[in-house]
Amino acid sequence: MSTPIPQPPGVPLLGNIFDVDPSNTWWSLKTLAEKYGEIFQIKVLGHRIVFIASAALAEEICDEKRFRKYVGGPIVEIRYSVHDALFTAYDHEESWGIAHRILMPQLTPDAVASHFDEVIQCTDGLIAKWSGLESGARTRPMDDLNRLNLEANTLTLFGKKLNCFEGPEHPMIKAMEDATSEAMKRPNRPKLLNWLIHDGKFKKATKVMRGFAADLVKERQENPSERRDMLWTMLNAKDPETGKALTESQVIDEIVSMPIGSSTAPCAIAAAIYFLLQNPDALVKARDEIDAVVGEGPFKQEHVSQLQYVAGLVRETLRLSCAAPGFNIEPIPKKGDESPVLLAGGKYQVPHNQALIIVLAGVNRDPAVFEEPLAFRPERMMGEAYEQLPSAVKKWFGNGKRECIGKHWAWEFLVVVMTKLISELDFETADPNYQFKQDGWFNIRPIDFSVKVKSRTR
Ligand code: HEM
């Protein structure tokens with residue numbers, strides 16, 4: 001006999017519509033995970049969704065022999081903007097393999113390391129801006145970190161300097177926010193309402209994002225360069241397996257997908273600044289390590305792998321911030337077999353085609369794995385201690401075949417930016433009563449988090 005999957009009581013007809021705040025879905029899911037534990041379900045507009053919030057169950061459904069990525073809900077909606085790109089392709093679409101094989105060589109650890117100087121250059125822009133702020137001025141780190149991310153992403157992958165720190169925010173940042181927020185909200189609204197009221201915003205954001213990508217392509221075509229970067233690869237490389245190249249429209253799809261994926265990284269950095277302010281001991285340890293490894297500088301690529309405490313700090317940030325808050329899984333269909341899928345050795349049962357969403361806020365804080373799961377302890381994310389953790393609590397970049405293709409880019413960016421911020425700036429909490437809360441769409445960031453920042457006093 002299986003155990004019923006817990007579900008909040010809900011209301012007649014509308015089900016659990018009021019249990020999930022449409023403007024902060026992931027915070028609602030975190031709250032439900034805290035209440036219901038390892039597994040729970042909700043029903044909205046007749047759809048049942050099952051959420052997984054423990055390390056053991058996440059480990060089980062990350063088994064690629066039984067389960068695969070579920071392309072549904074918001075991921076299907078954002079296909080309006082990027083079609084069958086890497087992030088949005090269905091399992092059966094050939095486009096995924098073609099794009100993956102073409103683009104992967106540009107995102108290996110070595111390829112990413114070759115852009116070290118560019119990431120430093122972009123980060124120097126941020127540091128100059130922050131150290132030039134008037135004494136005592138408050139700033140919201142998220143705003144400038146979004147600018148830094150777009151600047152670094154566009155420069156390293158597409159060879160274009162945007163000068164994002166100057167003037168008003170680049171329109172791409174708002175367009176990504178608008179498109180992803182719309183994609184998250186659409187599945188829970190009646191179709192007619194989407195069409196009547198919300199299509200306009202989605203179309204406008206998509207036009208801005210695709211226009212941004214088209215301009216990058218046009219500029220490169222009009223000014224051919226020796227640079228063999230991601231953009232060159234997108235425009236020239238062929239899939240070694242099928243011999244196919246990306247079509248013009250697919251190039252735009254993949255260009256747009258990169259800054260959207262990458263916009264998770266600034267969310268993690270903003271959270272790391274918060275965690276360090278709350279944990280001054282960790283800041284001291286990180287500074288001591290950076291001072292010992294990099295010293296008076298210059299900071300070089302070969303230092304990155306030596307910064308073990310900073311690496312632990314970045315991993316602990318990814319664990320606790322859940323900057324990418326979850327990902328979707330479904331059972332691999334078996335021809336002619338519609339029998340229920342058993343979880344935890346039969347303790348739970350779900351239909352053969354049930355969408356399962358991993359809520360990392362539950363998995364990453366599972367008390368069965370972590371002592372004091374809410375404490376920020378970079379040490380548990382270093383060396384042997386880290387190696388021994390179950391793989392389910394290290395899924396901040398997703399799972400298996402559909403794991404984040406930008407994970408090495410993200411890692412380099414996070415370690416380099418954190419190292420420079422820690423060694424060159426002093427942060428102070430702007431509001432001592434600030435309560436950490438996050439919101440967001442495809443990624444989550446601290447809400448209304450402000451700091452005071454100045455050059456480091458040595
Ligand atoms: C801290 C930073 C990042 C985190 C935590 C993160 C997390 C993730 C996760 C969890 C997935 C899997 C999504 C799913 O299963 O539906 C994913 C996929 C993806 N990410 Fe990232 N990501 C980050 C940075 C980046 C960067 C820097 C890029 C681009 C340079 C990127 C591009 C992508 C793409 C294209 C996919 C789809 C991959 C595929 O299905 O083949 N991400 N990411």
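A polar contact, as the term is used in these legends, is a pair of N or O atoms within 3.5 Å; within protein, one of the two must be able to donate a hydrogen and the other to accept it, and residues adjacent in sequence count only if both atoms are side-chain atoms. The model is predicted, so local features need pLDDT of at least 70 and side-chain atom pairs count only at pLDDT 80 or more, whereas totals for chains, interfaces and linings use all residues. Residues are numbered from 1 along each chain as its sequence is written, and side-chain values use heavy atoms, with hydrogens and water left out.

View A. A polar side-chain atom of Lys 69 lies 2.8 Å from an oxygen atom of the ligand, and an N or O atom in the side chain of Trp 96 is 2.7 Å from a ligand oxygen atom. Leu 86 takes part through its backbone, with an N or O atom 3.1 Å from an oxygen atom of the ligand.

**View B. The shell around the ligand.** There are 24 residues around the ligand, where a residue is near a molecule if one of its heavy atoms lies within 4 Å of it. Those that come nearest are Lys 69, Leu 86, Trp 96, Arg 402 and Cys 404. The shell divides into 15 nonpolar, six polar and three charged residues, with Ala, Val, Leu, Ile, Met, Phe, Trp, Tyr, Cys and Pro counted as nonpolar, Asp, Glu, Lys and Arg as charged, and the others, Gly among them, as polar. At least two shell residues each come from helix H12 (248-262), helix H13 (264-278) and helix H19 (407-424); helices (H or I, at least four residues) and strands (E, at least two) are DSSP runs, numbered from the N terminus.

**View C. The iron atom of the ligand.** Cys 404 (SG), at 2.3 Å, is the only protein donor of the iron atom, donors being N, O and S atoms within 2.8 Å of the metal (3.2 Å for Na, K and Ca), and because water is not among the atoms, sites may look incomplete. Cys 404 lies in the loop between helix H18 (383-387) and H19.

**View D. Backbone at Cys 322 and Pro 298.** Cys 322 has a positive phi of about 50° although it is not a glycine, and it lies in the loop between helix H16 (308-321) and strand E5 (326-331). The peptide bond from Gly 297 to Pro 298 is cis, with omega near 0°. Most residues other than glycine have a negative phi, and most peptide bonds are trans.
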